[in-house]
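User: I would like to learn how to read sheets, disulfides and cores in a model. Please give the general idea for each, then the case at hand.

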Amino acid sequence: MVSKGVMITLFNHNIFEDNVVAGVSNSVDKKPNGDRKVVFNDQSGAMITKDAFDHSEEHGNSKKEIGQEAHDNSRGNNEAQIDVIKVSKLPIKEEEIHADTKSDFESESESDLCLGKYIYVHDIPSKFNQELIQHCDLLSSWTDMCELSSNLGLGPHFPNNERVYSNTGWFATNQFLLEVIFHNRLKQYSCLTNDSSQASAIFVPYYAGLDVSRYLWGSGYRMRDSGALELVKWLREKPEWKRMWGRDHFMVAGRITWDFRRFTDEDSNWGNKLMLLPESRNMTMLTIESSPWSSNDFAIPYPTYFHPSMDTEVYHWQNRMRRERRRILFSFAGGPRPNLKNSIRNDIINQCKAARRKCKLLECSTGPGKCHKPIYVMKMFQGSVFCLQPPGDSLTRRSIFDSILAGCIPVFFHPGSAYVQYVWHLPKDYTKYSVLISAFDIKNKTVSIESVLSRISGRKIVKMREEVIRLIPRVVYADPSNKLKTHDDAFDISVKGVLERVDTIRKDMREGKTTSFDFAEKVSWKFNLFGIKEEHVWDPFFEEQDEKAAKQRKYGKT
């Protein structure tokens with residue numbers, strides 16, 4: 001690593017690589033008066049010197065630096081637990097929900113409510129987003145993505161004939177349309193700006209998941225990479241990119257990270273290499289599942305079927321989940337994974353069957369069935385105390401958020417399924433809202449799921465369920481055509497997380513630091529969650545062989 005004060009190199013990644021884009025080096029020249037100058041060596045060999053935080057005359061000096069919003073991953077989760085009936089009647093104070101904390105280097109008037117929150121959206125060529133939706137019939141060979149991409153990406157409305165859902169706010173949402181939903185939610189964001197020099201962060205509205213999905217099956221690696229390579233070429237030619245070399249940029253990719261991490265250029269290997277491009281490694285990448293071994297991609301919740309347009313819809317649903325009668329101790333919706341050597345799915349299914357009436361199983365197969373119909377999944381979860389969430393083809397699953405939405409306490413078997421993934425959205429103290437049973441113990445047949453869950457007291461269950469129900473607004477995406485007034489939804493929390501991160505990066509550059517995220521990427525999972533790099537009891541879950549296995553996974557299933 002280059003020593004601090006000599007070169008600014010964030011995240012230990014080169015900004016460019018010869019085989020992707022012209023090589024660029026940069027160093028810091030500290031003048032006697034303490035001002036710092038960054039010396040850039042462009043491809044032509046010319047030396048360009050400018051102030052490290054001057055935005056150059058081409059695109060103006062920024063007067064508004066990033067502000068850091070108060071962000072508490074467990075907001076409301078540290079309050080004393082009280083009777084669940086009283087909880088639903090407690091008023092929510094506006095100032096508790098939208099409290100802001102200014103960054104140290106802000107100098108603007110506090111009268112600007114968007115100070116530190118401005119977002120500029122790149123006007124990228126429509127081929128990277130809107131044209132993909134216009135040609136939705138080409139996105140999938142077996143799914144009608146045209147119907148599913150309707151209603152701003154939410155899909156068609158759900159009828160409520162069996163009264164499993166509420167009458168409004170429910171849609172047949174496809175889990176891979178997150179990038180469309182997020183983009184449309186951002187259009188309602190109150191602090192958008194057309195002046196990029198004013199922006200605290202810059203959004204790239206590239207529908208990366210939809211783009212690559214057309215070529216994941218049956219196409220060569222060059223075709224799978226083509227869109228990503230063209231997009232980053234477009235980005236790096238923009239003046240906004242050159243201010244921080246993309247470190248203030250962020251993007252949403254609506255598939256799991258492993259669909260964008262192809263490590264070799266071979267047609268037989270899965271996915272494209274979007275996440276591995278030098279430009280992407282400078283950006284903050286948001287995905288439905290991140291890599292525990294990467295420092296710049298962050299997981300945000302899978303889209304659920306619930307997209308409220310008013311706060312009252314959230315309140316009514318939460319109160320309904322509090323009143324549900326749950327006769328099933330635990331349930332599981334999913335199928336076996338016979339081709340995955342370390343999968344515990346078969347063990348989970350066998351234990352569920354052995355528990356008889358205490359466990360309900362909705363076993364999935366490759367063909368159509370109840371498991372693929374949300375009404376049956378949600379109905380089962382609403383009647384269950386605990387919902388089992390073992391890894392499938394990858395560590396995470398949409399079912400995690402369906403169970404939270406149903407007020408069902410999730411049971412995890414790997415900390416990488418949620419705890420080290422959704423660090424912005426879920427409480428750090430995972431024992432408040434979930435149960436962790438080691439996958440190693442399941443595989444070794446040294447633990448009974450039924451016994452573990454049966455030993456949890458009724459009082460503890462009530463507290464955990466209330467915590468789950470309180471999480472509901474944090475893990476759902478509001479209807480993009482409206483805006484919630486008192487709740488921060490998954491979108492709001494994601495944006496705050498991005499702004500905080502870019503704020504930290506900008507402060508580091510301002511102070512001449514290499515980075516505040518100065519750690520080996522293999523420990524990213526523990527640093528992001530616990531702020532540590534030392535040994536941890538969860539280390540065996542994240543050994544190298546697990547990373548290698550993850551890289552070989554092809555796509556997520558139920």
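User: Which residue is the bridge partner of Gln389 in strand 12?

Analyst: Strands of a sheet pair through backbone hydrogen bonds, either parallel or antiparallel. In this predicted model, Gln389 has Phe412 of strand 12 as its bridge partner. The bridge belongs to the pairing of strand 11 (residues 384-389) with strand 12 (residues 409-412), which is parallel and runs over four bridges. Helix 17 (residues 458-475) packs on this sheet and touches strand 11, strand 12 and strand 13. The direction of helix 17 makes about 95 degrees with that of strand 12.

User: In what order do the strands of this open sheet lie?

Analyst: The five strands have the order 10-9-11-12-13, with parallel pairing. Strand 10 (359-363) and strand 13 (435-436) are the edge strands, each pairing on one side only. Helix 13 (residues 374-382) lies across strand 9 (328-334), strand 10 and strand 11. The angle between helix 13 and strand 9 is about 155 degrees.

User: Next, disulfides. How many disulfides are there?

Analyst: A disulfide is taken to be a pair of cysteine sulfur atoms within 2.5 Å. By that rule the count is four. One of them joins Cys114 and Cys191, with the sulfur atoms 2.1 Å apart.

User: Where in the chain do Cys114 and Cys191 lie?

Analyst: Cys114 is in the loop between helix 3 (94-97) and strand 4 (119-121), and Cys191 is in the loop between helix 6 and strand 5 (201-204). The two are 77 residues apart, and the pair links distant parts of the chain. Both Cys114 and Cys191 are buried. The torsion about their S-S bond is -80 degrees, a left-handed link.

User: Are Cys352 and Cys359 buried or exposed, and why?

Analyst: The cut-off for buried is under 20% relative accessible area. Cys352 counts as buried because its relative accessible area is 2%. Cys359 counts as buried because its value is 8%. A disulfide joins Cys352 to Cys359, at 1.9 Å from S to S. With -95 degrees about the S-S bond, this link is left-handed.

User: Now the core. Which residues touch the most other members of the largest nonpolar core?

Analyst: In soluble globular proteins, nonpolar side chains tend to be buried together. Here the largest nonpolar core has 103 residues, and Phe386, Phe413 and Leu453 touch the most other members. Setting aside residues up to four places away in sequence, Leu453 touches Leu329, Phe330, Phe386, Leu388, Val411 and Val435. A second, separate core has 23 residues, among them Ala228, Leu231, Trp241 and Met275.

User: Where is Phe158, and is Phe158 buried or exposed?

Analyst: Phe158 is in the loop between helix 5 (145-148) and helix 6 (178-186). Phe158 counts as buried because its relative accessible area is 18%, and the cut-off is under 20%. Leaving aside neighbours within four places in sequence, Phe158 is in contact with Tyr165, Trp170, Phe171, Ala172, Tyr305 and Pro374.

Notes: Residues numbered from 1 in each chain as written. Predicted model: local features only at pLDDT ≥ 70, side-chain atom pairs only at ≥ 80, totals over all residues. Heavy atoms only, no water. Core = buried A, V, L, I, M, F, W, Y, C linked by side-chain atoms within 4.5 Å. Buried < 20%, exposed > 50% of the residue type's maximum accessible area, 1.4 Å probe, protein only. Contact = heavy atoms within 4.5 Å. Pairing = 2+ DSSP bridges. Axes fitted to C-alpha atoms, helices over the stretch in contact; angles between N-to-C directions.
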